[in-house]
There are 2 protein chains.
Amino acid sequence: MFIGCQFSLYPMTSDFVPVILGAIKSLEGRTDLRKSSDDLSTFLLGPPEVLFRALEDVFVDAAASGVHVVMNATFSRGCPGEPDEPCCYPQQKSPSVTAAEWDGKVRGVDVSAHFALLPLGDTGYMNHIVSEIDEAKKAGVYAAPKHFCSKLAGDAHRVFSYLENAFDRGGVKTAHTVMTVTLSANSPSNAAK
Amino acid sequence: MFIGCQFSLYPMTSDFVPVILGAIKSLEGRTDLRKSSDDLSTFLLGPPEVLFRALEDVFVDAAASGVHVVMNATFSRGCPGEPDEPCCYPQQKSPSVTAAEWDGKVRGVDVSAHFALLPLGDTGYMNHIVSEIDEAKKAGVYAAPKHFCSKLAGDAHRVFSYLENAFDRGGVKTAHTVMTVTLSANSPSNAAK
């Protein structure tokens with residue numbers, strides 16, 4: 001199994017470099033994730049329960065700067081072109097996160113996001129996508145339909161935990177699952193509402 | 001046929017709003033594209049040869065600001081959950097762009113990009129993806145392999161034209177084709193090289 005993501009942070013400030021470097025500092029020295037970066041994105045390899053928590057921390061840290069910040073991430077599991085990596089196997093099954101579990105876990109960062117589940121090589125893929133939209137509604141993070149994706153909204157922890165569960169469910173149904181996510185905080189578009 | 005994209009611009013400057021609004025101004029009043037926006041992205045609906053040229057203009061305009069700017073775009077054609085839209089049918093077949101055609105058409109904006117072709121509901125999808133990597137090499141825009149995507153580099157017009165051709169080829173092979181693209185200009189990471 002090969003599980004990982006390519007992610008980028010876009011802080012909309014002239015002083016964007018320290019916001020990015022400060023936010024990804026928490027990834028340094030970790031032995032439970034492998035990483036590499038270029039001018040476009042950072043690649044992380046590891047089990048999903050570690051991957052999503054690490055990205056949540058990175059995003060919340062960047063959002064704490066107060067500037068409008070966007071994270072773009074593409075997750076993939078089971079790509080047949082990638083090698084088997086024992087480090088990617090979940091250490092323990094991520095439990096489904098229930099509404100009650102959110103108490104006391106909010107990060108205090110409101111997130112607007114869109115995401116798309118893209119099950120590959122699976123002729124039943126549309127059913128999986130529709131089913132995942134229902135799961136977003138049940139999880140209380142569904143905001144609106146969009147073309148080619150669904151819009152989510154909520155506290156950062158709630159949204160990231162939903163995304164982790166969606167990715168887990170996708171992997172159970174389809175061997176090669178891709179998920180694209182865009183998360184935004186501190187947008188002046190929302191402040192104007 | 002339903003063909004369109006969701007795209008976002010991320011100018012890494014504290015004065016990001018005028019860069020975005022200035023760049024998308026060229027989309028106003030057009031009758032060959034339908035559009036709608038929210039706090040996360042702008043949706044464009046229309047035939048591919050119009051869509052890609054319009055996005056190239058938007059990106060080049062934003063890059064002309066001189067600030068580090070990123071465009072993120074997800075293209076889709078043939079989603080079975082979307083209605084048939086006659087306005088999306090190509091007015092004329094986009095010709096394959098040959099190397100000779102680039103002479104005199106460069107935009108003077110160097111782009112670093114990654115893209116992924118995601119043919120859905122097609123069990124032969126991996127062959128289509130591998131074939132498209134070969135096409136990127138032939139078009140002279142392939143830069144490097146990345147996990148879950150391919151890295152491209154070149155003048156903005158050359159990269160956008162390759163992407164248009166890749167999307168056209170994808171649509172010929174697979175009824176429902178998604179393509180994700182991230183383009184970057186003026187990155188300080190590249191200036192440091």
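A residue counts as buried when its relative accessible area is under 20%, as exposed when over 50%, and as partly exposed in between (1.4 Å probe, protein chains only). Helices (H or I, at least four residues) and strands (E, at least two) are DSSP runs, numbered from the N terminus.

A quick word on the ground rules. This is a predicted model, where local features need pLDDT of at least 70 and side-chain atom pairs count only at pLDDT 80 or more, while totals for chains, interfaces and linings use all residues. Residues are numbered from 1 along each chain as its sequence is written, chains are lettered from A in the order in which they are written, and side-chain values use heavy atoms, leaving out hydrogens and water.

Back to α4(B), which covers residues 156-173 and reaches 26 Å from its first C-alpha to its last. That is close to the 26 Å expected, where the expected span is 1.5 Å times one less than the number of residues.

Now for where the chains meet. Chain A and chain B each put 50 residues into the contact, meaning heavy atoms within 4.5 Å. Between them they bury about 4,000 Å², 67% of it on carbon and sulfur atoms; buried area is the accessible area (1.4 Å probe) that two parts lose on being put together, summed over both. A:D39, A:L40 and A:F148 supply 19% of what chain A buries there, more than any other three residues.

The two chains share six salt bridges (a side-chain nitrogen of Lys or Arg within 4 Å of a carboxyl oxygen of Asp or Glu). They also have 20 residue pairs in polar contact, both at pLDDT 80 or more. A polar contact is a pair of N or O atoms within 3.5 Å; within protein, one must be able to donate a hydrogen and the other to accept it, and residues adjacent in sequence count only if both atoms are side-chain atoms.

Here are two examples across the interface:

| Side chains | Link | Distance |
|---|---|---|
| B:K151 and A:D38 | salt bridge | 3.1 Å, N to O |
| A:S112 and B:D39 | polar contact | 2.8 Å |

A:S112 sits in strand β5 of chain A and is buried, at 6% relative accessible area. Its neighbours, not counting residues up to four places away in sequence, include A:K151, A:T182, B:D39 and B:L40.
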